[in-house]
Each structure stands twice: as structure tokens, then as C-alpha cells.
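This report describes how parts of a two-part set of chains are arranged and where they touch. Please look over the sequence and the model shown here before reading on.

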Amino acid sequence: MVTDPNALAPTSLDEAYELLAERGPEAKIIAGGTDLMVSLNARPLDASEFIDIWRLNELRGISDEGETVRIGALTTYTQLIKSPLIQLSLPTLVEASRTIGAIQIQNRGTIGGNVVNASPAGDSLPVLAAFDAEVEIGSIRGVRKVGINNFYTGYRKTVMEPDEILLAVRSRKLKPNERTFFLKIGTRRAQAISKIVMAVNVGTTGAVINSINIALGSVAPTVIRAVQTEALLTNETLGAPVIERARSMISQEVAPITDVRSTEHYRRTVTGNGLAKILRRLM
Amino acid sequence: MKITFQINGVEREVDSPPMKRLLDVLREDLRLTGTKEGCGEGECGACSVIIDGEVINSCLAPVCQAQGANVLTVEGLSLNGRLDPLQQAFLECGAAQCGVCTPGMLISARSLLDANPHPTRDDIKEAIAGNLCRCTGYIKIVDAIELAANARR
């Protein structure tokens, strides 16, 4: 390590707000460190100072709010996996959490970190997008709520200001007539970063699709919703012809790149195949 | 920054830059070189340690986050010169070849057996999914963890 950056450890959320208001633009927040420390190991970051929030227990915990579930930003993937409430209400969030790294990462990585890190490959993000989750953001100026589908403004960019901190993620629960699917394609099951990651929530009556939310990661600069394909499928009767049209449309709708993990062609093709596979499971 | 924690049951204090990796503090400041660095990016698990009951990659934890914590490294597995049943089983099964992954494997396995004393082979595979071995093909490692679990019954 070239530099020895400082680390400030606020003991309360109010103290964290004050530190961020004073030093927000220069300082960087560290939570579980599973992404940040990788960057820090590779090269010195431009931040000279870190605000270590790992011990801010105010940001931990999963609560049942009736219609919704609130997940504190510092909740780890292990805590999500083990939570009976999440298993029941957001089962695909458990599935996604189980594919993130391996146990060492799941014990330390947090849902808030996944959201704020804003990687297009963040595996929990398509699940949150398919559930139309919202995030709760706080600062000395107050608390605001933003829908996850309006939170990302570009590659690794979010609407958050330098003095703000993510407090929690809130999601509605799975509805009784709704099914939820998660699909991740990587080079191996553990530890791999996604080539494609997909979450689909779908409500049906018989063979008719009443509503469908399709969210995708690793195929665009941010997590995205496939709104054209959603519109194509809504109110349609499931069957081979509509599945073929959806497969073809979604592979055009995504905007992937070729990078070290995969190619644009592969990503388009397998996104289509993945959606077709999920739709066939509904028949 | 002064940081105090329990390492293998002994209270230790180090004076270290807060963002220094726990891995480096263990190896350089405390000379506990059993914990290895493989990839340095949280992929290989060679640097695994147990912190407050949970296995983590010590290359991804700044030492400031270990303040007041209870850390177990591979050096803490044996008790009064007697090998942990896992270490004994690794010897008996030939579960180590080059040995670089072995400390991390032992730590992940120990974390598994602490939580689940009678794991299935699938449980074992999931528990060591974050520990890469490029020599053994994993079979003998899984055998060794199974043997240790049986030995503990």
C-alpha cells in the first residue's frame, strides 16, 4: 500500500451524518469491505480518508412492516440467507445471496454495499428491481426514499450526494399469485462474477400473464428492467409463439458489452434463452 | 492507531494504520504466517480466518474492523500440541499437496463443523466453495473433513 489512509469510526448514525457533511466529498464509506478492499489492494484509491460504518448497529436488521420488509443497509448476505422472513417474502433474494462469492464474502458483504457500489453485475440488484424495491437514504438534511429503478443514473453512478448514506432497502413481499425466478450465469457456481443475472416476478391467472417484471444485470451499464419485453408479455397467453417473440425481443432490448467475462453476442443470446427457460417453467 | 483484539485466545495489541489488511497485520506485525495470501482479492480463500465466529477473507478486512474482535487463525487450531481432528484427518487422507490452500481449508472446515457437526458431502463442498485448491481436485479434502466430522462424533 502506497498511502496509509485514515479511518474514522462513527459510533452513531448522527455522528456519521456529521462526518459525511464535513468530509463527504473526500471520504469514502467502508462497510463490509468485500468490494472496496479489492480496489484498495489493487491500487491506492483517491480517497485519503474512510468512514468505517461496520459497527453502526442502527443500520442492521430485517423488519416485518406488514406489507413490506425493511432490510438495514449493513445486513449481510448470510443474515439474508438465514432470515425466515426473507425466505418467505423475498425468496429470490435468498437465492441471489447464495450465489454471491462464497461463505467468506456472504459473511461480510452487505446488501447496502451491493446497492451503493452500483456495479452492473451486483447480483442482488435485479431481484430488488423486479420487486420495485426502494432505498432509504439519509443525511444531516433528512431522509429520502428513491425507487431502485430510479436510483442508478449511469455506469457506477447513483443519485446519492456525497453527504448521504444508504440506510435501508425496502421491498414489498411476494404476492400469493406471484412467482419469482432468479437466474445467474457465471463461469462456476461459487465466486464467479455474473456474465448475466436475471430476476423475473410474474403474476398469472391460468396461462395468462397478468403482470411481469423482468430485471437484468451485467447486460447494460446499470441494472435494467426490460420494459419492452414486459409490455409484450403482459396480458398474453403463455405458449411457444409468445415465448419465441419474447426471447427475440429481450436479446435486442439489452445493451451488453464484450468484456473479460463474456461477449456481447453470448450475453444477448443467453439472456433470451434464460427468459425463455423461465417462461417455459410457467407453462 | 492502537488496535486490541483476541488472537487464538490471547489478547494482543498492535499499532497499525487502520486500513492495513488484517492479513498483513497477522503475518507481518504478529508473525502468524500460517494464514496465506493467495489472490489478494477475495477469490481464493487462502487467507481465511474466523472472526467472532464467522469465516472471512482476511485480505478484505481492514484491521480497524477487528478492534475488540475474537480472531481464530490456523495457528489456533491445535491445542496444547495436539492437532485438531481436522488437521489429523488432512494428514491421514493426504488432503494437502502444495499446502498453500490448506490453512484456509482448515479454517473453513472448522467453521463448518462448529455450526454443523454432521455435514453431508454437499454441505462440505458448499463450505469450501470459497477456498480454491489447484492440486488435489478437492476429493481428498472433502474426505478429510468427513473423516474429522466422524471422528468428532
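## Domains of chain B

The centres of domain 1 of chain B and domain 2 of chain B, taken over C-alpha atoms, are 21 Å apart. These domains span 2-75 and 85-152, with bounds from an automatic or database domain assignment. The model is predicted: local features need pLDDT of at least 70, side-chain atom pairs count only at pLDDT 80 or more, and totals for chains, interfaces and linings use all residues. Residues are numbered from 1 along each chain as its sequence is written, while chains are lettered from A and ligands numbered from 1 in the order in which they are written.

Contact (C-beta atoms, placed from the backbone, within 7 Å) joins 13 residues of domain 1 of chain B to 12 residues of domain 2 of chain B. On the domain 1 side, strand S3 (residues 48-51) of chain B gives the most, with 3 residues. Strands (E, at least two residues) and helices (H or I, at least four) are DSSP runs, numbered from the N terminus.

## Helix H1 of chain B

Helix H1 (residues 22-29) of chain B has B:Leu22, B:Leu23, B:Val25 and B:Leu26 buried, that is, with 20 or more other C-beta atoms within 10 Å of their own, C-beta atoms being placed from the backbone. Strand S2 (10-15) of chain B is included in what covers them. Just after H1(B), B:Arg31 has a positive phi of about 55°.

## Domains of chain A

Chain A is assigned domain 1 (6-52), domain 2 (61-172) and domain 3 (178-282).

Key: Buried ≥ 20, exposed ≤ 12 C-beta atoms within 10 Å, placed from the backbone. Contact = placed C-beta atoms within 7 Å.
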